[in-house]
Amino acid sequence: MIRGSAQMNGREVHSGKGEQGSALIIATLVTVILALLGLSYLMMAQTESTIAENERNAATAMYVAEAGARLVTGWFNDPTSTGYLVPTVGNVDRTLRVYDNDANPGTARVQGVSGDATKPIYKDSTLTTSPIFDRPYRSDNANTFLGVETGADAGFPTAGPDLVVSAAHLTTINNTLFPNFPKPDLRARISRIEVYAPPSANIGGTLTRLGVATIRVTAGVFMYPGTVNERQIATRVVKAVVNEIPVPGPVGPLQSCSDMSYNGSFEIHWGTGSALASSDIPSNVNTKVATGLPYALNDPGTYYSDATPHNLATWAAEPAINNNKIEDPWFKYVSGGSITSLASPPAPTTNPQPYPVTYPGDGQTSHSNIFQNTVINCPAFDYNLWKSIAQGGNRGNYYYSYGDPNPATNTNNFKLDGTGTAVNFAAATSGKSGIFFFDTRDGQPPRGLYSDTYPTTNLAPAISIASSDPWDGMVGFAYLNVATFQTTGSGGIGILRTIIPPGEPFDGSGFVNLEYPGDLTDNYIVRNGATTFRQFYDAATGIRYCTDADTCPQSATLGTASTTGPKRDDTGLGFQTTTVLDGVMYNSGTFTATGNALYFGSFVAQQGVLDGSGNPAFYFDESLVKGNWPRKGMNMPRVIVSSWQTGL
């Protein structure tokens, strides 16, 4: 056999045995590379999944913490047993409180001690009867949140807050709000709630508290909850600063930030009626304007006194005054400009006090409570602030946009949160309580005069509620942006509510002891030195109102009369009557004085009060200036969240 290579056509032909297996190697390499790529992509996908899961768990923890902060905010708004999941005193620890008990930054903080008046714990029962989370918020050490965040003071590494919610109550909260959430083997829950002082800032050289309290809530997500393998895989902290509802101090039942023209019976009671500019009030003051207490010459802020000496106390003891009627011991009227309708005499006059005191005067014709050309302020209600509050999503806050998408179209209807069926003002507020905001035509801050047309003004058309309309009135605060607001006719609107007269007037010389009529009659009798015990119980709120009492239980139990003579009553004798308002109404436009509806609280008209030849009556709610508005039973927020810190 001949071995060797064969040639065909001059070319050498090889057998190829030396290249056998190369394709397998290449295929293997490609397979390995693809496998590595697949493995890397799989690892990347797993990493992305883990990141996404961690982000989801962190977001879940944050949402749970925020829900906890909103829950605690609700405790401020309703601190009674009717509030949702409100803890009792036994459900919180108040012994951890660390604070500056002497208001001296130069001294060290101390830890509160129960029963120690020099450094009490929060809501120490030996110093206050106010429950936890209840008013007063800004008072003495026992009632004010003054503590710090846990560990903020190095001298007390495990203490600080005014109160910390107990583990047992946290369990109740978690089982109620987050049972098996998001799933049985992966559960989110609140792990700590503490409440302490709000932040402070130096404003004009004064350290100012920027709220009522700080709420700090810690929440986490736990794997295998309730087992020996339980472990926490996410945690978040949320802080919320709560503040009182920022009603900017209405000081009277009817206030005009412009002119006032009101020529019906001048039914302004229990406080200061005012106009920033000129006024046109009834000229027959003895029959249409209430008499009041004697005021110092040209000074609506001070009661009368002289060198004799005569003062408020001696005035109340005068035979012409004692045991006689005063139509309204709290009423006065202050006009920033002139009063154009003064009776003659003294008209015309530019004197700030047209009817000065002729001591002692009497309760039927004395009008030293009328002032003109006198500096007076008008409360400012910020459009953007109140709009943001109404849109904040909290319970009891209602935002209504203009009811037609075309702002040039005239309509009296509004849409809740800008959606759904448009309703009128009466339907939006009747039977509800809270904060109501009715926006302008275009959702921009109010502009133009009430008498202009769109687009010169963006105020919504006038609101007029007739006696035949189904309106129970409103409770709370309403911010209106309409050309004018008015009610017409008599009867048919409003509902029976309890209203409360102011407490007895006083100054440094003493107080005026009054016999309250217990109704709307202007029949307040001065009872100098005589005890006039009376009481009224409001079953709806559980509040009892007493005058000249030794005991006045806040329950159905009757009070008892004073055995030591007259006592100054800080609150008048409440009674019930039909009202269309229990609260505050502000309008960027005007108010037109028509009809004879009764308003309890305060109405502020930015562009003035117009005469409509009606007799609406305005009675001031003194709680607006005493720091305890909204009152118990109004079922509206007491506080709002003024700032949030999330994702900590």
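This is a predicted model: local features need pLDDT of at least 70, side-chain atom pairs count only at pLDDT 80 or more; totals for chains, interfaces and linings use all residues.
I started with the surface and found a nonpolar patch made of I25, I26, L29, V30, I33, L34, L37, Y41 and M44, with about 930 Å² of accessible area together. Patches take residues with over 30% relative accessible area and no salt bridge, joining like charges within 9 Å and nonpolar side chains (Val, Leu, Ile, Met, Phe, Trp, Tyr) within 5 Å. Areas are Shrake-Rupley values with a 1.4 Å probe, and for residues only the protein chains shown count as cover.

Residues are numbered from 1 along each chain as its sequence is written, and side-chain values use heavy atoms, leaving out hydrogens and water.

I placed M44 in helix α1 (residues 22-77); helices (H or I, at least four residues) and strands (E, at least two) are DSSP runs, numbered from the N terminus.

Next, salt bridges (a side-chain nitrogen of Lys or Arg within 4 Å of a carboxyl oxygen of Asp or Glu). I noted 19 of these salt bridges in the structure. E66 and R70 form one at 3.2 Å, N to O, and both sit in helix α1, four residues apart, about one turn of the helix.

Then I looked up R97 and D162, whose side chains meet in a salt bridge at 2.6 Å, N to O. R97 is in the loop between β3 (92-93) and β4 (98-99) and D162 in the loop between β5 (110-111) and β6 (163-165), so the pair ties together parts 65 residues apart in sequence. R97 is buried at 0% relative accessible area (buried is under 20%, exposed over 50%, partly exposed in between; 1.4 Å probe, protein chains only).

Last entry: R568, D570, E622 and K626 are linked in a salt-bridge network.
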